[in-house]
Amino acid sequence: MKTKLYLILLAFSIAPALSYAQHQLDLSGQWQFKTDPSDKGVSGKWFSQTFSEALRLPGSMAENGKGDDITLNTHWTGDILDSSYFKLPEYAKYRRAGSIKVPFWLQPEKHYLGAAWYRREVNIPSDWKDREIELYMERCHWQSMVWIDEEFIGTRNSLGTPHIYSLTGKLTPGKHFITVCIDNRIKDVNPGVNSSSLTDHSQTNWNGITGTIRLSAKSRVFFSEVRIFTDAFEKKVKAELQIMNNTGGSRKVNISIQAEPDGVTPKDVKFDPINKETDLKPGENTVLFEYNMGDKARLWDEFSPNTYRLTCTVAAGNLTDVREETFGLRALGVKGTQFTVNGRPVYLRGTLECAVFPKTGYPPEEEKEWARIFSVCKNYGLNHMRFHSWCPPEAAFSAADKAGIYLYVECSSWANQGVTLGDGKPIDKYVSEESERILRQYGNHPSFCFMVYGNEPGGENASKFLAGFVSRLKSEDNRRLYSSASGWPQLAENDFHSMYEPRIQLWGAGLSSIINHDAPNTSYDWHNIIEWRGKPVISHEIGQWCVYPNFREIKKYDGVLHAHNFEIFKESLSENGMASLADSFLTASGKLQVLCYKAEIEAALRTKSMGGFQLLDLHDFPGQGTALVGVLDPFWDEKGYVTASEYKEFCNTTVPLARMSKVIFNSAEDFTASIEISHFGASEMKGVTPEWKITDKNGKTAAQGELARTDIPIGNCFKLGEVRTPLNALASPAIYTLEVRAGEFTNRWDFWVYPYRLSDAGIPEDIRIVRSLDEETIRFIREGGKVILSPVKGSIRKEKGGDIAVGFSSIFWNTAWTNKQPPHTLGILCNPSHPLFSDFPTQFYSNYEWWDAMSHSDAILLNEIGNGINPLVRIIDDWFTNRPLGLIVEGKIGKGRIIFTGIDLLTDAEKRPEARQLTYSMIKYMESNKFNPAQELDPNKINGLFKDGYLTSEAKNNETKKK
């Protein structure tokens, strides 16, 4: 009997679906078009006129070559915090009409802000008579108004969901004109000019319709909404069907629902349909179903993204409607300070997506492109994506369902600069309505796991408003977790907190941050910050570490947006005589960037009971002054200095971790590291024997061992054991790497071993270490002496480079958007095979052995001491200024030779093993016949770098320093 009923209902559901597909008109194609910069269209009744221009929809004006040329007066949507572009002479050539180039963000060929009109003729089939007709427009940007012929239908203003208009009774069979006016200006509702939903900082404030555009005809009895609630533990589904009855009277209907495998293996699992008969009153009706899927149903999570399709059918005589919805069986919850999915603890490893799409200037509507993006994220060890102040289209949710990516959605707003939340402004009502629209449109997707109002709210009453916002959403729809906002505030109503405090560089911290202020170690975490919160904490926008621009990337911008900002930076580098160093700057700064991200991520993974982190960012953010914070470019492609497999060693479901109180050792010490693991895989790891080894720079094993065999539970801070080995048997000075393997997962850390005792021979008589070049020292050099000039940090004149804040880490976010927050530099570049480094082993980039030097140094502005100076160690400057900077320079003066270093090698040298070792290596180099610099240095120009009074005060301190 069940089989017969199933076949009857199957035939019953297929026939209407085929019929329904025939009752759609695709409106993609050519539309008439006209801009309305003076807002004359409504009063001028443009909805009844023919436009002479045309373009194609879906698409944007910019894609169709429509809009205004870029000028200095272009009305951009987005704050510009650094106005130097409009003032400084070096930007003058980029301010000329016809050749405008801006450094703030990617730049379109055309820009338009205002109303634009789109019009086309449609022919309504005769069999659409007496049907419900709907106009569906996906991704209108932003506010839409619709006319059918000369009748005004209404307006919509959602940034995150389709604009849907009921045209029932307005479109009779035959020919009609549909006219749509799209206005992308901020009017009464101000989400914030920097919101990713509409800002020129990222996707651009485009005008158009970029998704599906169609007319649909439905029966007078139809589904207005289907909400699916799942019980993953009982494997049951509760379907809440909203059915409209517009027949004018009560109707007896037959309703059926049936689940089918969609993204599930095996696909041959069958689920019986359920049907019921009921009476529908006129208007909207709610009908509830409970559907027991049984033991064969599979759950959805990041490891097994199993999805199902629920087909809902309603029939009343010849009135039939079919609705299909994707869902997954998943239980998202909180246990203490941990997130859980289906009862298992989950750690969120996420990145932001700020609507960065250079090819089109707007988000893709194709599932294929989102599938590619999510695949890249998973390849880099991530399981989570946050949409900063915007909501993605349907295609992103569908792709995330299949990929097993947890999505964190925001209601299209960053109400901070220029707007506040909770003060009774129109944005309050808009955020509330936008949240409801988003939940109705995308709420059934299992990937839709987290929701907040938006980013970093401002306003005295924001907390009160957001407390109500969160409470309302939790009571209306419990299928996901809610919080107030990204960044702050932490409210009692939140299911979880988003906090900026758990990261190694806070906004404004500058050189006082952990990574710049504290000697290198891997022992810190954020437990003291989050332990008392009582709820899961996601660290907000960690990282923000910059890399030098990849100028080879410029040619990839062949769509709507162009990297004119990169062109400015490239020309500046060339003008400063360093064009040939562009690739080296990229790679060296990239290695430092990866080190910083590794430090960030591992600190988060070392934090007991932390909920997760959100990177800013895995790929570059091209706006806000150009924030090159990604190891990937805006196209989600690698830049060449780190691979996905390398990144995944420290960012993954399972990551071995080493707590080391320091990474610089001497040969008389024991190397020690406390080994633990963060494991958030699909199940616990059984019978694992962790292994460790120490290798030299050639990969040769210097020491190795095993830790105790153990079962590794799901969670973090699980201790695996201690590594301890004496270093006196290892060659020094040398770089070594600790590698730890647990099962299939490996992680590694560099450390340095220097000799416990350096040579007691002393400094040769022909070598001096001095603080300044006084007359006697200059005479000593000219007569054939050799000198290391190591001035006190802070002794350089401001205008001679003393205002360049040198630090160990990479630049945070960028200097244009942070009011020049230190550091202003991107690490070092050197040739590690140069004899200077014979006793100071190094890579070509900043690793932790350079922390001491960068923490005790000033940059040497090379063009202030000569032309074409080629330093032994170069500091990579901010790409906005591209100054030729040195850290160690060698040259000749008369018969003698000099090493001029911006590093203060002498202050507290007894506490600084790196400084002592570098000084020793310098002296050994100067003693050798390889120390024969060719470039002539002028001592007067060198002395011209120093502040007034410095030369006099330091001359008396010049003396030979003994080792």
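Accessible areas here come from the Shrake-Rupley method with a 1.4 Å probe. With that in mind, display the surface of this predicted model: the accessible surface of the protein comes to about 36000 Å², and carbon and sulfur atoms hold 47% of that area.

In cartoon view, the secondary structure comes to 15 helices and 52 strands.

Now select the charged side chains, 110 positive and 119 negative, whose mean positions are 1 Å apart.

Then turn to the interior, where 61% of the 963 residues count as buried. Of the contacts with a separation of 6 or more, 74% are made by residues 24 or more positions apart. The largest nonpolar core has 201 residues, and those with the most contacts inside it are Trp370, Tyr647 and Leu738. Select residues 582–605 as well, since this is helix 9, which gives the largest share of this core, 14 residues.

Centre the view on Trp370: leaving aside residues up to four places away in sequence, Trp370 touches several aromatic and proline residues, among them Phe357, Pro363, Pro364, Phe387, Trp390, Pro392 and Pro393, and also Glu353 and Met385.

As a last stop, select Val237, Phe271, Phe289 and Cys312, which are included in a second, separate core of 29 residues.

Technical notes: Residues numbered from 1 in each chain as written. Predicted model: local features only at pLDDT ≥ 70, side-chain atom pairs only at ≥ 80, totals over all residues. Heavy atoms only, no water. Helix = DSSP H or I, 4+ residues; strand = E, 2+ residues; numbered from the N terminus. Buried < 20%, exposed > 50% of the residue type's maximum accessible area, 1.4 Å probe, protein only. Contact = heavy atoms within 4.5 Å. Lys, Arg positive; Asp, Glu negative; His and termini not counted. Charge placed at Lys NZ, Arg CZ, Asp CG, Glu CD. Core = buried A, V, L, I, M, F, W, Y, C linked by side-chain atoms within 4.5 Å.
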